[in-house]
Structures are given as structure tokens and as C-alpha cells.
Amino acid sequence: MTQLLSAPCDGDDEWLPIREVSRLTGVNSVTLRAWERRYGLITPTRTDGGHRLYTQADVETVRSILMWTERGVAVSKVGKVLAGIRDLDAKKGPLSVIESARRTWQERVRQAVNDFDEPRLDHIYGHVLSLYPEQVVYEDVLMPVWHEFALRHDSFGQVSEWLFLDSFLRMRTLQRLQLTDESSEHRVLLAAMPGACRELELWVAALLMACEKIRVSVLAPGQPLEELALVCGKIRPDALVLFSDQLPSGDMAKRLIRLGLGLACPLLLAGKTADMAQDSLQGSVIGCLGSDGATMQRRLQQFLAGRLDT
């Protein structure tokens, strides 16, 4: 039952009216009321006159809601996400909540890998996917741990730990990729820049780019750059995406422009290379999708939709 309070005295900054919460968070009052009534995400206090009053904790909750919706979580599911984070005994505040949850899940993954406990790792994998979108699970939990183990090869047993985690994630990621609907409106080919990434990184990029209307087919790492025009000529995709997280070599821009001019489909870059090469490729035939999952998927959708309109 909502508690009724008298309006705060002048100078008392504990309570905030809805207009101030809107100003602080950028969320309009209509949306704030909808989050309260429809989803129970925030519970403001009411004055004797029926006006809503919010605390600073409510403001932080609103910011947390915004942060999760921007990461792809539906508003209707944000309550479940926040409840799951509270179960992890997270600290107060949106940034610390995400950081606390991220560190907790990462530590659970590390421990399962240290113990070579595949059933427990599989349980963690399924549980975290039930709470968060794929982008959050892979970019904030799984891949950072994978990168840690990939770099820790200086002690006995660490190579085996990384191989264990790498094998597990490749299998699960491939399974999720295979669930993509083959009747999708668009088909995109994804290939790695020569020597630029490992197989799992390529598959994760494909998983995060794909959506209901876009099916992403992955070419095996080691695909020669010069033969991509031949491959695309046979498969006829709507676009070819090259993925890399490494700094591009000095002549790579020229090679890519030459490749793009020889393709019957558009050429796009993804990964950190896309961020680093964006300025040098501006005005060329090559598009840049960015490096994080949400940006890559959004820009790919926008590109394909724009191409259809031309």
C-alpha cells in the first residue's frame, strides 16, 4: 500500500518531484508513470495531495532501467533483471550494480573453468542467458573471461583451462547460430581479416549481428582476402562483412577498397578495425559497422534497409 506523506519542508532535498526526476534522467513523466503502473519498476511516495515524490535511489533505478533498455532488454523484463542483480547482493547505483553483477558472473565462470566442471559451466551459461540479452552475456561476462584465459599461458594448466572454455563456448555459440531462420529476408557473409581473430570471436560477432531479418553465414578463418569476390559471386549475399579487432596494416585500406570495387555486393567492416579505419575509409565504397554488438546489428539493419530504398 502506498504510503502518504506530507509535502517536504523548504530546504529538504530528500524528496524529488516528477519534473525533477525527468530533468535528471531525461525520461518524460508519462514514461515514468507507465513504468510505475504497468511494470512496477519504481514506487514513488505520494503526498497528501496525491503528488508523486521520488528519492535519489529512485533516480538511480530509472538510470539503471535506461541502461538495460539501451542494452536490448525489453522494459517488461527489466524488473526480472534488476531482481536478479539484487539477488547477487549488488552495490547501490546503476554503474556499481552492473559492475557487481558482471564481476560475480565472471568469477562463477572462472571457477567452473578452473574445476573443468562442464555441467556447472553449462548451468551458469543457461542461467545468465535467461537473465540478460546475448550481447550483455557475451560482451560483459563470457568473452572477457575467455580473453583472460587466452593470455594466461605462463603457468601449468592454463592452456588446458583456456582450451576447455574455448571448446565449450564454440560449441554453444555455434548451436545458437544454427537456430537462425534460413528464411530470413537478408543473408550476410562474415569473414575474418587474414590472421585477425580466432574462430570463436568470429562466431560471436556473427551471433550478435544476426537478427530475425538477417542471417549471418560465417566463412572459416583463413579465408584468402583475394578469393572473397569469387565466393560472393557464387553465394550472392546481400553484404560481405570483414571482422577484425587488430590495428589494420598500412596497405590494408587500399586492399579493402580494391576488394570492394570488385564485389557485386557491398563490403562492410566490423570490430575494432572498423572504429580505427572509419576516418580513412570515409567516402569510400566500404561501410563501417562499429565494434560492439548492438551497434553492429543496428548499423547492419540500417544499411540493408537503406540499400533496399535506393
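# Notebook: helix faces and helix pairs

I began with what covers the buried residues of helix H1, and the cover includes strand S2 (16-17), helix H2 (29-37), strand S4 (52-54) and H3. For my own record, contact means heavy atoms within 4.5 Å, and helices (H or I, at least four residues) and strands (E, at least two) are DSSP runs, numbered from the N terminus.

This is a predicted model, where local features need pLDDT of at least 70 and side-chain atom pairs count only at pLDDT 80 or more, while totals for chains, interfaces and linings use all residues. Residues are numbered from 1 along each chain as its sequence is written, and side-chain values use heavy atoms, with hydrogens and water left out.

**Entry: H1**

I looked up which residues of helix H1 (residues 18-25) are buried, and found Ile18, Val21, Ser22 and Thr25. Seen down the axis of H1, these buried residues fall within an arc of 100 degrees, so they line one face of the helix. The arc is that of the directions from the helix axis to the C-beta atoms. On the other side of H1 I found Arg19 and Arg23 exposed. My cut-offs are these: buried is under 20% relative accessible area, exposed is over 50%, and partly exposed lies in between (1.4 Å probe, protein chains only). Just after H1, Gly26 takes a positive phi of about 80 degrees.

**Entry: Asp58**

Next I turned to H3, one of the elements covering H1. Asp58 is found in this helix (residues 56-70). Is Asp58 buried or exposed? It counts as buried, at 12% relative accessibility. Leaving aside neighbours within four places in sequence, I see Asp58 in contact with Ile42, Pro44 and Leu53.

**Entry: H6 and H7**

I then checked helix H6 (residues 118-131) against helix H7 (residues 134-151): their axes come within 8 Å and cross at roughly 130 degrees. That makes H6 oblique to H7. Axes are lines fitted to C-alpha atoms, for helices over the stretch in contact, and angles run from 0 to 180 degrees between N-to-C directions. Angles under 35 degrees count as roughly parallel, over 145 as roughly antiparallel, 65 to 115 as roughly perpendicular and the rest as oblique. H6 passes H7 in a right-handed crossing; a crossing is right-handed if the near helix is turned clockwise from the far one by less than a right angle, and left-handed if anticlockwise. Tyr125, Val128 and Leu129 of H6 meet Glu134, Val137, Tyr138 and Leu142 of H7. By class I have six nonpolar, no polar and one charged residues in this contact. Here Ala, Val, Leu, Ile, Met, Phe, Trp, Tyr, Cys and Pro count as nonpolar, Asp, Glu, Lys and Arg as charged, and the others, Gly among them, as polar.

**Entry: H8 and H9**

How do helix H8 (residues 158-177) and helix H9 (residues 199-209) cross? Their axes come within 10 Å, at an angle of roughly 30 degrees. H8 and H9 are therefore roughly parallel to each other, and H8 passes H9 in a left-handed crossing. H8 brings Asp166, Leu169, Arg170, Thr173, Leu174, Arg176 and Leu177 to the contact, and H9 brings Glu199, Leu200, Trp203, Val204, Ala206 and Leu207. I sorted the residues of this contact into eight nonpolar, one polar and four charged.

**Entry: Asp238**

I found Asp238 in the loop between helix H10 (228-235) and strand S7 (239-243). Asp238 is partly exposed, with a relative accessible area of 21%.
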